[in-house]
Amino acid sequence: MADQPARWPVVGARWALLALLTAAATMGFAALAVPSAALFAGLVVATVVALAGLGPTAVPRWATGSAQAVIGVVIGLLARPETLAAVATEWLPILLISVGTLLVSMAAGLVMGVQRGVSPLTGMLAQTAGGASGLVAISAELGGDERIVSVVQYVRVGLVTATMPVVAVVGYGATHVDAGPGPAAGPTAPWWVGILVVIGCGVVGTPIARALHVPAGALLGPMVLAAALSMSGLVVGASVPNLLVDLAYAAIGWQAGLKFTRRALVTVARVLPLATALILAVIAICAGLGLVLSWTTGMTPLEGYLATTPGGVYAVLATAISSGADVTSVVAVQVLRVLLMLLVAPLLARFVGRRTS
């Protein structure tokens, strides 16, 4: 115990190094328009310092739980009354297509799970197309390897984001439309309202979810409560401040990155070729589901493609605005998919984990 006080400066220096490098990397990735830049930066930086032996041991449990609550609220607030209105009249084909996307991506995950070093549960979580940050946040809690899940999820997001504009132009004849500032923004609540929503949903939603034995309750409890508040109109215009979101993303990235070892890095590199091929297959199948969606609803083929693209909701929004597509309907289907994935994936993950353990 005598040397215990001497360790605190070392631990503090390691956390300071991790934080400073992550802040710098976040700004760099944001300048390159990398999705969820803070999470990706946290993952990369934490991996590097962990492999170099310069990182902290692990992210405290309270910090990861708080980060999950923040991400849950961010996702929950995407559900708005106009979202429900946009899908209400054609809810059945939209729901069936969303379930189809879930089944296709999870089937790809089970195929990925045949590789040595990858469990079916890890493969399923890695390939599930919806809410990448949320799935990375809860993968360890569900029993998956969060290192593989985080890398594969962001390979998926990167591939979707990179290919979407090309496919929209070449495959669907999308042309740039001068849409001005985009869809009219609704009322914006003060920043402190978003803070109160996070605190309230975290304090109330997490204990309720855990009391009900909901898997990944720290994320799903606040997410469902935030979605209910948003849909009710009680928190119109509320959003989580960007700084708090970035801190939560960074913590989730650190959580996975600090657990990397050289052996884990080799495993991830070995599974990436098959994982990438499966991601591309899922993207192609989802494009086919988008055509089915356009045939069964009033959407155009381009809108069906954008609505069913497996990831990159903000890139979808930008492409929809620039091409003159029906932004509200496209984003509504995307939000429904993300919420469905994050609600169902933990339950299926628990089932798969029990059957394969």
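The structure is a predicted model, in which local features need pLDDT of at least 70 and side-chain atom pairs count only at pLDDT 80 or more, while totals for chains, interfaces and linings use all residues. Residues are numbered from 1 along each chain as its sequence is written, and side-chain values use heavy atoms, with hydrogens and water left out.

1. Helix 3 against helix 9. Helix 3 covers residues 61-76 and helix 9 covers residues 191-211; helices (H or I, at least four residues) are DSSP runs numbered from the N terminus. Their axes come within 9 Å and cross at roughly 115°. The axes are lines fitted to C-alpha atoms over the stretch in contact, and angles run from 0 to 180 degrees between N-to-C directions. Helix 3 and helix 9 are therefore roughly perpendicular to each other. Their crossing is right-handed, a term used if the near helix is turned clockwise from the far one by less than a right angle, with anticlockwise giving left-handed.

2. Residues at that crossing. Helix 3 contributes Ala-69, Val-70 and Val-73, and helix 9 contributes Val-197, Val-198, Cys-201 and Gly-202. Contact means heavy atoms within 4.5 Å. By class, the contact of helix 3 with helix 9 has six nonpolar residues, one polar and no charged. Here Ala, Val, Leu, Ile, Met, Phe, Trp, Tyr, Cys and Pro count as nonpolar, Asp, Glu, Lys and Arg as charged, and the others, Gly among them, as polar.

3. Helix 3 against helix 10. Helix 10 spans residues 217-232, and its axis is 7 Å from that of helix 3, at an angle of about 30°. The two are therefore roughly parallel to each other. This crossing, too, is right-handed. From helix 3 the contact includes Gly-65, Gln-68, Ala-69 and Gly-72, and from helix 10 it includes Ala-218, Leu-219, Pro-222 and Ser-230. The contact of helix 3 with helix 10 has ten nonpolar, five polar and no charged residues.

4. The Phe-29 and Phe-40 pair. Rings of Phe, Tyr and Trp (its six-membered ring) pair if their centres lie within 6.5 Å; planes under 30 degrees apart count as stacked, over 60 as edge-to-face and the rest as tilted. The count by this rule is three aromatic pairs. In one of them, Phe-29 and Phe-40 have ring centres 5.0 Å apart and planes at 65°, so the pair is edge-to-face. It links distant parts of the chain, with Phe-29 in helix 1 (residues 4-31) and Phe-40 in helix 2 (residues 37-51), eleven residues apart.

5. Phe-29 counts as buried at 19% relative accessibility, whereas Phe-40 is partly exposed at 26%. Buried means under 20% relative accessible area, exposed over 50%, and partly exposed in between (1.4 Å probe, protein chains only). Leaving aside residues up to four places away in sequence, Phe-29 touches Val-34, Ala-37, Phe-40 and Ala-41. Its C-alpha atom is separated by 37 Å from that of Pro-93, 64 residues apart along the chain.

6. Two further residues. Ala-23 also lies in helix 1 and is partly exposed, with a relative accessible area of 39%. Thr-267, in helix 12 (residues 262-296), counts as buried at 16% relative accessibility. Thr-267 touches Gly-117 and Ile-148, not counting residues up to four places away in sequence.

Notes
Parallel < 35°, antiparallel > 145°, perpendicular 65-115°, else oblique.
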